[in-house]
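Here is a friendly walk through some local features of one protein chain. Have the structure open beside you as you read.

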Amino acid sequence: MQAVICHGPRDYRLEEIPVPTPGPGELLVRVEAVGICASDLKAYHGAAKFWGDANRPAWAETEVVPGHEFTGTVVRADDEARAHWGVEVGDRVVAEQIVPCWDCRYCDTGNYHMCAPHDMFGFKRRNPGGMASYMVFPTQALVHRISKDLPPAHAAFAEPLSCALHAVERANIRFDDVVVVAGCGPIGLGMIAGAAAKFPAEIVALDMDRRKLDLALRTGATRAINIGEEDAVAVVKEMTGGYGADVYLEGTGHPSAVLQGLNLLRKLGRFVEYSVFKDDVSVDWSIISDDKELDVLGAHLGPGCWPAAIRLIESGRLPMDDICTHQLPLSEFQHGLDLVASGQESIKVSLIPS
């Protein structure tokens, strides 16, 4: 079968490899679509988060099939696998990004998304990802059925949407909150959709792309600010009687968005950081402590949010045709990475293996 293989930063190649063979209790899945995530792009570019630096060892491995946002059809499942997941051959499925060990401190306390070994599809040799014609779901994976009526790229969007919903949950949004979402890419749009379901007083979308801001309004934002044309901090302060926003959700991965959020929040506000950064970010921590006593929260993956993400996509409430802008054959993976890198033409780019 065809597969994209990561040989290291900026060295991804389309190759022919054997179709994987599932073991007892495992599923063989024919991949229908795999999204290209911003973290895939940062891994491709060699970010320290994946390849290590003076402060951390390398986490990603070479000779791996990338791709952790995927959907596909079950083509082989033994009795053990069918009983374990409640799926049948022919079902369309998605699997959560992480393959938990189910035997560490975090898994034992229900926090499987922070599993200590932290094996994820598409970054470790043990669990090849979805940029291939076929892949195997191991017995430890978390598998969900999803409608066959959806276009494949829409079904694969369950992964980034689950992540965005987890960030929204971390923010503990209340009905009278003014919520600001930085970035109207796939994660930011998912944050807006999730925040809208909480029905706060205002949802303010920030971006520099008018097309994305228009889409944010259709996804649930009540106001859109082009930060290339307006001072977002000043506008939000004016909206809130000079106080600032209650909640800031960061979904850009750009260092400037961090300081923007700290300045934009009111005292005792809540900052949720979801992005993966290519470069280190430095801020004045006095803003967080002495100036405002902020709650600064991280968010990782989408624990417990996959059923809601699937329901939201299946409901037809999101403008999925406009979110999923590009579907390319696997052979054009480099073009897909370039589209994500430019950010000018695309929102969600997916590869469609043959």
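Let us start with L301, which lies in the loop between β13 (295-298) and α12 (306-314). Helices (H or I, at least four residues) and strands (E, at least two) are DSSP runs, numbered from the N terminus. This is a predicted model, in which local features need pLDDT of at least 70 and side-chain atom pairs count only at pLDDT 80 or more, while totals for chains, interfaces and linings use all residues. Residues are numbered from 1 along each chain as its sequence is written, and side-chain values use heavy atoms, with hydrogens and water left out.

L301 is a residue other than glycine, yet its phi is positive, near 60 degrees. With 6% relative accessibility, L301 counts as buried (buried means under 20% relative accessible area, exposed over 50%, and partly exposed in between, with a 1.4 Å probe and protein chains only). H118, also not a glycine, has a positive phi of about 55 degrees. You will find H118 in the loop between α4 and β6, and at 14% relative accessibility H118 counts as buried.

**Salt bridges**

Side chains of opposite charge can pair when their charged atoms come close. How many salt bridges does a search of the whole structure find? The search gives 12, where a salt bridge is a side-chain nitrogen of Lys or Arg within 4 Å of a carboxyl oxygen of Asp or Glu.

| Pair | N to O distance |
|---|---|
| R92 and E32 | 2.9 Å |
| E61 and R125 | 3.8 Å |
| R270 and D177 | 2.5 Å |

Take the pair of R92 and E32, joined by a salt bridge. R92 sits in strand β5 (residues 92-95) and E32 in strand β3 (residues 27-35), so this pair links distant parts of the chain, 60 residues apart. R92 counts as buried at 5% relative accessibility, and E32 counts as buried at 13%.

Next come E61 and R125, which form a salt bridge. E61 belongs to the loop between α2 (48-51) and β4 (69-77), and R125 to the loop between α4 (105-108) and β6 (134-137), so the two tie together parts that are 64 residues apart in sequence. E61 counts as partly exposed at 26% relative accessibility, and R125 counts as partly exposed at 47%.

R270 is part of strand β12 (residues 265-273), while D177 is in the loop between α6 (158-171) and β8 (178-182), so parts 93 residues apart in sequence are tied together. Are R270 and D177 buried or exposed? Both are buried. Elsewhere, salt bridges that share partners join D79, R82 and E88 into one network.

**A pair of helices**

Two packed helices are described by the angle between their axes and the distance between the axes. The axes of helix α9 (residues 232-239) and helix α10 (residues 255-264) cross at roughly 25 degrees and come within 9 Å. Axes here are lines fitted to C-alpha atoms, for helices over the stretch in contact, with angles from 0 to 180 degrees between N-to-C directions. That crossing makes α9 roughly parallel to α10 (angles under 35 degrees count as roughly parallel, over 145 as roughly antiparallel, 65 to 115 as roughly perpendicular and the rest as oblique). On the α9 side, A232, V233, V236 and K237 make the contact, and on the α10 side Q260, N263 and L264 do, where contact means heavy atoms within 4.5 Å.
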